[in-house]
Every structure is written in C-alpha cells, then in structure tokens.
Amino acid sequence: MSISQTNYQNRVETAIAQLYEDLPTLFKKDISYDIYRSDILFKDPVNQFQGKLNYRIVFWTLRFHARLFFTEIYFDVHDIQDTAIDIIKVWWTVRGRLRTPWKAEIFFNGDSTYKLDKEGLIYSHQDNWDRTPKTILKQFLPSKEQS
C-alpha cells in the first residue's frame, strides 16, 4: 500500500530537513534513524552493509574514529536536493586535522545518493568520493617537506 502523493512529498521534505540537521554534526553526535528503512543498504568506496543496526554501527564507528584520530574534523554540507521523485543528493566535504606530531590534514569531497521507497523512507545510501581511499590515506603521512 502506497501513501498519498502529498504524504510522500512531506516525507521527502522531512528527510531533507533531517539530513540538513544530522549530517553537519555526524562526527560529534548520533543521527536520527527515523527516515531510514530497517533494511537500508549502505555503500561507499570501502564498505557495504545492509540493515539499520549495521547502519548505526557505521555512524558510531565514524564518531569513534573522529574522536580517536582527529583534533578537528568537519563534515561540510554544500547542498541537498531531491534530484528525482525518489532520490535525494547531498554534496559534501570532509576536512580535519589528525592527532599526529606533524598535524596532517585530511580533505576530500564527495556526494551521497539516498534512494526512497514508495513510503518515502530511505532504503539505499551510496557515497562517492572525489579520490581513491589510498589517496585519502596518504594524507595521513608526513609530507616530504616535514620529514
């Protein structure tokens, strides 16, 4: 059973508002999981998980590692748009300073595609990054001028 077009659009708008609220602070506090289906699929260049519990673990792990490895870390949201009736796109940047003697900085851009079902709940979240995971990890190493 599908919800009315008005209710569907309200859920899309609620999801967008929730993403605007949650994403900028995802390294500091937990997000709300009300806009996601229980069988949500998450995929990025290094991980793929299914299920809301695993999705929660992804965000817990991000917060844990942010506190452990970074003195500063930010998730800058540049824009959020519903690019199709069942798709929300988010464009963002991760930037931060590692807890290392050489104060390495991390920086990469990406986008997230959220797919919504007929009830207006997110069932898929896929991240794309502007560089490879290996290139991102190389940012953790001391630069040649620092060594």
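In what order do the elements of the protein chain run from the N terminus on? In this predicted model, the order is α-β-β-α-β-β-β-β-α. That makes 3 helices and 6 strands in the chain. Taken along the principal axes, the C-alpha atoms fill a box of roughly 60 × 25 × 25 Å. As for burial, 37% of the 147 residues count as buried.

Next comes the open space in the model. Rolling a probe the size of a water molecule over the atoms shows where empty space is left. Here the largest pocket holds about 780 Å³ of space. Its lining takes in 31 residues, and those closest to the pocket centre are Phe 27, Asp 44, Leu 62, Phe 108 and Trp 129. Several elements give two or more residues to this lining: helix H2 (52–69), strands E3 (70–84), E4 (87–98), E5 (105–116) and E6 (122–129), and helix H3 (133–138). The largest share belongs to H2, which supplies 7 residues.

Together with Trp 60, Phe 64 and Phe 69, Leu 68 makes a nonpolar surface patch of about 410 Å². How much of Leu 68 is open, as a relative accessible area? The figure is 44%, so Leu 68 is classed as partly exposed. That value also clears the patch cut-off, because patch residues need over 30% relative accessible area.

Then there are the charged pairs. Side chains of opposite charge can pair when their charged atoms come close. The count for this model comes to 9 salt bridges. One of them joins the side chains of Arg 56 and Asp 30, with an N to O distance of 3.8 Å. This pair links distant parts of the chain, since Arg 56 sits in helix H2 while Asp 30 sits in the loop between helix H1 (5–22) and strand E1 (36–43), 26 residues apart. Both partners are partly exposed: Arg 56 has a relative accessibility of 39%, and Asp 30 has a relative accessible area of 33%.

Is Arg 63 buried or exposed? With a relative accessible area of 9%, Arg 63 is buried, because the cut-off for that class is under 20%.

A further salt bridge involves two strands. Arg 97 pairs with Glu 72, and their closest N and O atoms are 3.1 Å apart. Arg 97 belongs to strand E4 and Glu 72 to strand E3, so this contact ties together parts 25 residues apart in sequence. Arg 97 is partly exposed, at a relative accessible area of 27%, and Glu 72 also counts as partly exposed, at 31% relative accessibility. Back at the loop between H1 and E1, shared partners join Asp 30, Arg 56 and Arg 63 into one network of salt bridges.

Definitions and conventions. Residues numbered from 1 in each chain as written. Predicted model: local features only at pLDDT ≥ 70, side-chain atom pairs only at ≥ 80, totals over all residues. Heavy atoms only, no water. 1 Å grid on protein atoms, 1.4 Å probe; cavity = no way out; pocket = protein on both sides within 12 Å on 5 of 7 lines; lining within 4 Å. Points joined across faces, edges and corners; volume = space filled by probe spheres on them. Helix = DSSP H or I, 4+ residues; strand = E, 2+ residues; numbered from the N terminus. Patch = residues over 30% accessible without salt bridge, like charges linked within 9 Å, V, L, I, M, F, W, Y side chains within 5 Å. Areas by Shrake-Rupley, 256 points an atom, 1.4 Å probe, with all protein chains shown as cover. Salt bridge = Lys/Arg side-chain N within 4 Å of Asp/Glu carboxyl O. Buried < 20%, exposed > 50% of the residue type's maximum accessible area, 1.4 Å probe, protein only.
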